[in-house]
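Please look over the sequence and the model shown here before reading on.

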Amino acid sequence: MSYYRHHLFFCVNERSDGRPHCAQHGAKSMRDYMKGRVKAMGLAGPGGVRVNTAGCLDRCDKGPVLVVYPEAVWYTFVDHDDLEEILQSHLIEGRVVERLLID
């Protein structure tokens, strides 16, 4: 069993060469939002959920992106509603949010 039931990595990469990057979609504030929600719901910590910052996950063209381990499920998101759906459906109920998946 892994140390965390779910480990989320939010790409917050910034690029200065004109290519798409997750930071231009508010990835840092979205990561902070999810981190706050996970803590407020008492899901944070060992045996629960960990929300982390990641550098480039090399999927910025699909961005913003986050990946949930240990399942290796890749999501894109637009707003807090999308993150709430990932939180409730995937992290709490164990159901992948199909509409937000990236391949």
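**Briefing on the predicted model**

The largest nonpolar core has 19 residues, and among these Leu8, Phe10, Met34, Leu66, Tyr75, Leu83 and Ile86 touch the most other members; such a core is a set of buried Ala, Val, Leu, Ile, Met, Phe, Trp, Tyr and Cys residues joined through side-chain atoms within 4.5 Å, where buried means under 20% relative accessible area, exposed over 50% and partly exposed in between, with a 1.4 Å probe and protein chains only. This is a predicted model, in which local features need pLDDT of at least 70 and side-chain atom pairs count only at pLDDT 80 or more, while totals for chains, interfaces and linings use all residues. Residues are numbered from 1 along each chain as its sequence is written, and side-chain values use heavy atoms, with hydrogens and water left out.

- Phe10, leaving aside neighbours within four places in sequence, is in contact with residues including Ala27, Met30, Met34, Val51, Leu66, Phe77 and Leu83, contact meaning heavy atoms within 4.5 Å.
- There is also a second, separate core of 9 residues, which includes Cys11, Cys22, Cys60 and Trp74.

**The helix pair**

- Two packed helices are described by the angle between their axes and the distance between the axes.
- Helix α1 (residues 27-40) and helix α2 (residues 80-92) have axes that come within 10 Å and cross at roughly 40°; the axes are lines fitted to C-alpha atoms over the stretch in contact, and angles run from 0 to 180 degrees between N-to-C directions.
- The two helices α1 and α2 are therefore oblique to each other, since angles under 35 degrees count as roughly parallel, over 145 as roughly antiparallel, 65 to 115 as roughly perpendicular and the rest as oblique.
- On the α1 side the contact is made by Met30, Tyr33, Met34, Arg37 and Val38, and on the α2 side by His80, Leu83, Glu84, Ile86 and Leu87.

- Tyr69 is found in strand β3 and is partly exposed, with a relative accessible area of 34%.
- Not counting residues up to four places away in sequence, Tyr69 touches Arg5, His6, His7, Phe9 and Trp74.
- Although Tyr69 and Arg50 are 19 residues apart along the chain, their C-alpha atoms are separated by 9.8 Å.
- The peptide bond that leads from Tyr69 to Pro70 is cis, with omega near 15°, and Pro70 has its place in the loop between β3 and β4.
- Ala72 also has its place in the loop between β3 and β4, where its phi is near 60°, a positive value in a residue other than glycine, and Ala72 is partly exposed at a relative accessible area of 38%.

**Other loop residues**

- Asp58, found in the loop between β2 and β3, has phi near 60°, a positive value in a residue other than glycine, and counts as exposed at 62% relative accessibility.
- Asp17 lies in the loop between β1 and α1 and counts as partly exposed at 48% relative accessibility.
- Asp17 and Asp103 are 86 residues apart in sequence and, C-alpha to C-alpha, 25 Å apart in space.

How values were computed:
Helices (H or I, at least four residues) and strands (E, at least two) are DSSP runs, numbered from the N terminus.
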